[in-house]
Amino acid sequence: MSNIVCANIDKSYGAINVINNFNLDVSDREFIVFLGPSGCGKSTLLRMIAGLEEISGGTVSIGGKEVNDLEPRDRGVAMVFQNYALYPHMTIYDNIAFGLKRMKVPKDQIDERIKAVSATLGLEPYLARKPAELSGGQQQRVAIARAMIKTPKVFLFDEPLSNLDAKLRHHMRVEIARLHQKLQTTTVYVTHDQLEAMTLADRIVLMRAGAIEQVGTPAEIYEKPRTLFVAGFIGTPNMNFLNVVIHQVEDGWLLVGDGINFRIEGHGFRLQHGQKATLGIRPADLLVSNGADVNVLSGTANLIEFHGNDALITFTHGDIEIGALVKASSRAKPGDQVSFSLLESRLHLFDAQSGVSLREDDAGGATQ
Ligand code: ADP
Ligand code: MG
């Protein structure tokens with residue numbers, strides 16, 4: 001059992017700074033996901049926690065002990081990579097046992113632990129096989145078993161499911177969630193896949209260009225994105241964005257621009273008359289208009305994507321394309337006039353210049 005504290009972490013390769021003053025407290029037993037686009041520094045951070053990459057500045061502590069100068073094997077961490085690289089000539093049993101044999105753990109103890117771990121991961125029937133005789137998902141489970149058998153204080157995963165096909169990825173995601181429920185080992189999991197992050201994380205650390213953009217539970221990040229970047233990164237289909245200027249009027253505010261003139265009460269937002277802003281609306285928060293609504297977006301449907309339960313209607317409103325998610329049964333046809341109203345309680349507003357949310361509880365720009 002261990003917490004992890006990253007304090008003022010910097011990382012440079014020569015003159016290039018790739019991580020900039022990263023601060024994070026991971027609680028004991030927590031499942032943290034580092035999420036962000038490729039190249040934002042997720043793997044570099046994970047490798048610094050693991051001890052596979054030198055830390056240029058700041059400290060990493062695990063279980064209350066600074067580990068900057070400890071070898072990877074002395075940090076109590078176990079890491080699972082995207083490329084699980086099992087030894088092809090060894091049996092599954094020997095692959096799992098490999099690390100413990102090197103640590104000179106007695107044979108009977110190894111045997112006992114392999115029994116327990118392979119039962120947990122459903123690998124018992126395959127212990128005598130070679131890796132080539134297992135499916136991709138089973139091989140990835142062996143890689144997890146190899147990490148688990150060391151009974152680490154911390155699990156580190158770097159995009160462990162990226163090589164698997166979509167169906168298997170879903171299956172393994174569920175298995176990893178179950179495993180964490182059972183073992184409760186503190187976990188840091190790196191992915192660029194928002195769905196993996198949303199379904200696995202206690203908290204998501206959303207990163208951009210080596211710095212934290214937002215830390216929060218999946219619901220917090222989805223419902224209250226702190227910046228335009230987070231709003232655009234999280235949620236499928238993507239959030240719609242419209243450029244507006246904010247006008248103060250008697251008992252409320254107007255959002256004017258991009259062919260709209262919305263009237264809102266503005267509760268919960270910090271707004272200024274004349275401020276340029278970006279209005280964000282998730283496709284699922286557009287409701288088919290009943291004609292009596294005040295704030296309406298309408299236009300001509302030009303693309304209908306059928307998803308099964310629902311359908312994404314893309315329509316042109318003035319010069320811009322808007323996506324609206326509707327029940328599949330009520331979907332329109334291309335060329336239809338469509339009309340949607342938006343709920344004020346679900347809209348997002350960001351400062352046009354800084355991209356920071358205008359929500360009141362984001363004042364001060366706190367990230368944690
Ligand atoms: P992610 O895992 O989020 O895709 P990485 O942590 O792998 O990103 O990389 C972060 C940044 O650091 C990238 O811009 C990458 O090019 C750079 N980088 C990673 N490793 C090295 C290295 N050995 N030398 C120079 N730059 C590197
Ligand atoms: Mg990476």
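**Figure 1. Burial in the predicted chain.** Of the 368 residues in this predicted model, 49% count as buried, meaning under 20% relative accessible area with a 1.4 Å probe and protein chains only. The chain exposes about 17700 Å², an area from the Shrake-Rupley method with a 1.4 Å probe. Residues are numbered from 1 along each chain as its sequence is written. Local features need pLDDT of at least 70, whereas totals for chains, interfaces and linings use all residues.

**Figure 2. Elements and contacts of the chain.** Eight helices and 20 strands make up the assigned elements; these are DSSP runs (helices H or I, at least four residues; strands E, at least two), numbered from the N terminus. The C-alpha atoms fill a box of roughly 80 × 45 × 35 Å along the principal axes. Among contacts (heavy atoms within 4.5 Å) between residues at least 6 apart in sequence, 65% join residues at least 24 apart.

**Figure 3. The largest pocket.** About 840 Å³ of space lies in this pocket, a volume filled by probe spheres set on grid points joined across faces, edges and corners. A pocket is an open set of points on a 1 Å grid over the protein atoms alone, where a 1.4 Å probe fits, with protein on both sides within 12 Å along at least five of seven lines. Its lining comprises 26 residues, each with an atom within 4 Å of a point.

**Figure 4. The pocket lining.** Nearest the centre of the largest pocket lie Val 77, Ala 78, Met 79, Arg 102 and Lys 150. Strand S6 (77-80), helix H2 (92-102) and helix H4 (136-148) each give two or more residues to the lining. S6 supplies the largest share, four residues.

Technical notes
Chains are lettered from A and ligands numbered from 1 in the order in which they are written. This is a predicted model: local features need pLDDT of at least 70, side-chain atom pairs count only at pLDDT 80 or more; totals for chains, interfaces and linings use all residues. Side-chain values use heavy atoms; hydrogens and water are left out. Buried means under 20% relative accessible area, exposed over 50%, partly exposed in between (1.4 Å probe, protein chains only).
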